[in-house]
Amino acid sequence: MKVAIPLDENKVDVCPVLARTPYFMFWEDGQESILENPAAKAQGGAGVQAAQFLVDNTITDLITPRCGQNAADVFKAAEITIYKSEDASAADNIKSWQEKKLEKLTQFHAGFHGIS
């Protein structure tokens with residue numbers, strides 16, 4: 001299983017926005033890697049672009065505080081499970097995910113569409 005988490009600029013804490021997060025942390029079999037989000041500065045459609053980036057990186061699970069409906073539709077089509085983050089630290093969220101303590105994210109917003 002491979003999980004992704006949006007990261008803030010400090011590369012430690014979970015970013016509150018998925019589509020325009022500066023980085024994504026990928027965790028698989030105890031190995032962590034951090035990649036820049038290519039959708040962070042997109043003119044439009046950042047949610048779908050970020051979602052496709054994660055799909056292309058073959059994640060099975062996503063941990064995030066919130067998610068737009070368009071991105072959620074991409075994740076659903078790819079059979080990716082979305083979990084709601086509960087702490088600021090990505091490491092704490094990975095631990096909670098491993099212990100099966102995170103709830104699935106089921107409420108999705110309409111998107112911000114150009115609103116920062």
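Here's a quick briefing on how this chain is put together.

It's a predicted model, so local features need pLDDT of at least 70 and side-chain atom pairs count only at pLDDT 80 or more, while totals for chains, interfaces and linings use all residues. Residues are numbered from 1 along each chain as its sequence is written, and side-chain values use heavy atoms, with hydrogens and water left out. The chain has three helices and five strands; these are DSSP runs numbered from the N terminus, helices being H or I with at least four residues and strands E with at least two.

**Overall build**
- A compact globule of 116 residues would have a radius of gyration near 13 Å, and the chain agrees at 13 Å (taken over C-alpha atoms, with the globule rule being 2.2 Å times the number of residues to the power 0.38).
- Along the principal axes, the C-alpha atoms fill a box of roughly 35 × 25 × 25 Å.

**The sheet**
- Five strands make an open sheet with mixed pairing, in the order S3-S2-S1-S4-S5; strands pair if DSSP finds at least two bridges between them.
- Strands S3 (31-36) and S5 (81-84) sit at the edges with a single partner strand each, so one side of each has no neighbour in the sheet.
- From one strand to the next, the twist averages 25°.
- S2 (residues 23-28) pairs with S3 in the antiparallel sense over six bridges, and Trp-27 stands opposite Glu-32 in S3.

**The helices**
- Helix H3 (residues 90-98) lies across S1 (2-7), S2, S4 (61-64) and S5, running at about 150° to S1. Axes are lines fitted to C-alpha atoms, for helices over the stretch in contact, and angles run from 0 to 180 degrees between N-to-C directions.
- The axes of H1 (residues 46-56) and H2 (residues 69-77) come within 8 Å and cross at roughly 25°, so the two helices are roughly parallel (angles under 35 degrees).
- Contact (heavy atoms within 4.5 Å) involves residues including Ala-51 and Leu-54 of H1 and Val-74 and Phe-75 of H2.

Key: Parallel < 35°, antiparallel > 145°, perpendicular 65-115°, else oblique.
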